[in-house]
Amino acid sequence: MFHYTVETEKTVDEAVRAVEEACAKRKFSVLWQLDIPTKLLEKGIHFDQSYRVLEVFNPDIAKKVLTRNQQAGHFLPCKIVVYTDVNTGKTQIGLSRPTALFALTEDEHLQRIAKEVESTLVCALDEAKG
């Protein structure tokens with residue numbers, strides 16, 4: 001699977017705050033947050049689902065990755081999505097698996113880094129779901 005997703009009873013706003021806190025404990029910060037319905041509404045498009053995209057980043061790890069392979073920057077920062085599932089009404093928190101992305105580099109060293117990052121972020125998502 002290209003993603004790891006957990007379900008929570010929290011609202012999207014509560015889940016976003018929980019993700020930010022859980023990531024911060026692990027030295028990952030949220031660089032940017034995209035509120036998709038708000039952005040689409042600015043373009044005149046209505047989207048009736050709460051959906052956020054967070055980009056999370058650890059500068060030390062980014063330096064290691066980019067020093068090893070500049071092309072690996074295509075996979076930085078890591079993306080986490082928080083949204084309301086239209087079928088269940090429950091909040092989902094999902095991560096694009098770094099191991100799936102970095103496997104494309106065919107570099108075992110980068111894949112080991114990706115495995116560590118993924119393990120850290122999976123723990124953060126598990127904590128954030130409460």
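**Helix H5 and its packing partners**

Helix H3 passes helix H5 in a left-handed crossing. This arrangement is described here from a predicted model. H3, which covers residues 59-68, packs against H5 at an angle of about 160 degrees, and the two axes lie 10 Å apart. Because angles over 145 degrees count as roughly antiparallel, H3 is classed as roughly antiparallel to H5. On the H3 side, the residues in contact are Ile61, Lys64, Val65 and Arg68, and they meet His109, Leu110, Ile113 and Val117 of H5.

Ala18, Val19, Ala22, Cys23 and Lys25 of H1 form the contact with Leu121, Ala124, Glu127 and Ala128 of H5.

H5 itself comprises 22 residues, numbered 108-129. From the first C-alpha to the last, H5 reaches 31 Å, close to the 32 Å expected at 1.5 Å a residue. At the N-terminal end, H5 is capped by Asp107, a side-chain oxygen of which lies 2.8 Å from the backbone nitrogen of His109. At the other end, H5 is followed by Gly130, which has a positive phi near 75 degrees.

The buried residues of H5 include Leu110, Ile113 and Val117, each of which is among the residues that meet H3. Leu121, Ala124 and Ala128 are likewise buried, and these residues take part in the contact with H1.

Technical notes
Residues are numbered from 1 along each chain as its sequence is written. This is a predicted model: local features need pLDDT of at least 70, side-chain atom pairs count only at pLDDT 80 or more; totals for chains, interfaces and linings use all residues. Side-chain values use heavy atoms; hydrogens and water are left out. Helices (H or I, at least four residues) and strands (E, at least two) are DSSP runs, numbered from the N terminus. The expected span of a helix is 1.5 Å times one less than its number of residues. Buried means under 20% relative accessible area, exposed over 50%, partly exposed in between (1.4 Å probe, protein chains only). A polar contact is a pair of N or O atoms within 3.5 Å; within protein, one must be able to donate a hydrogen and the other to accept it, and residues adjacent in sequence count only if both atoms are side-chain atoms. Axes are lines fitted to C-alpha atoms, for helices over the stretch in contact, and angles run from 0 to 180 degrees between N-to-C directions. Angles under 35 degrees count as roughly parallel, over 145 as roughly antiparallel, 65 to 115 as roughly perpendicular and the rest as oblique. A crossing is left-handed if the near helix is turned anticlockwise from the far one by less than a right angle, and right-handed if clockwise. Contact means heavy atoms within 4.5 Å.
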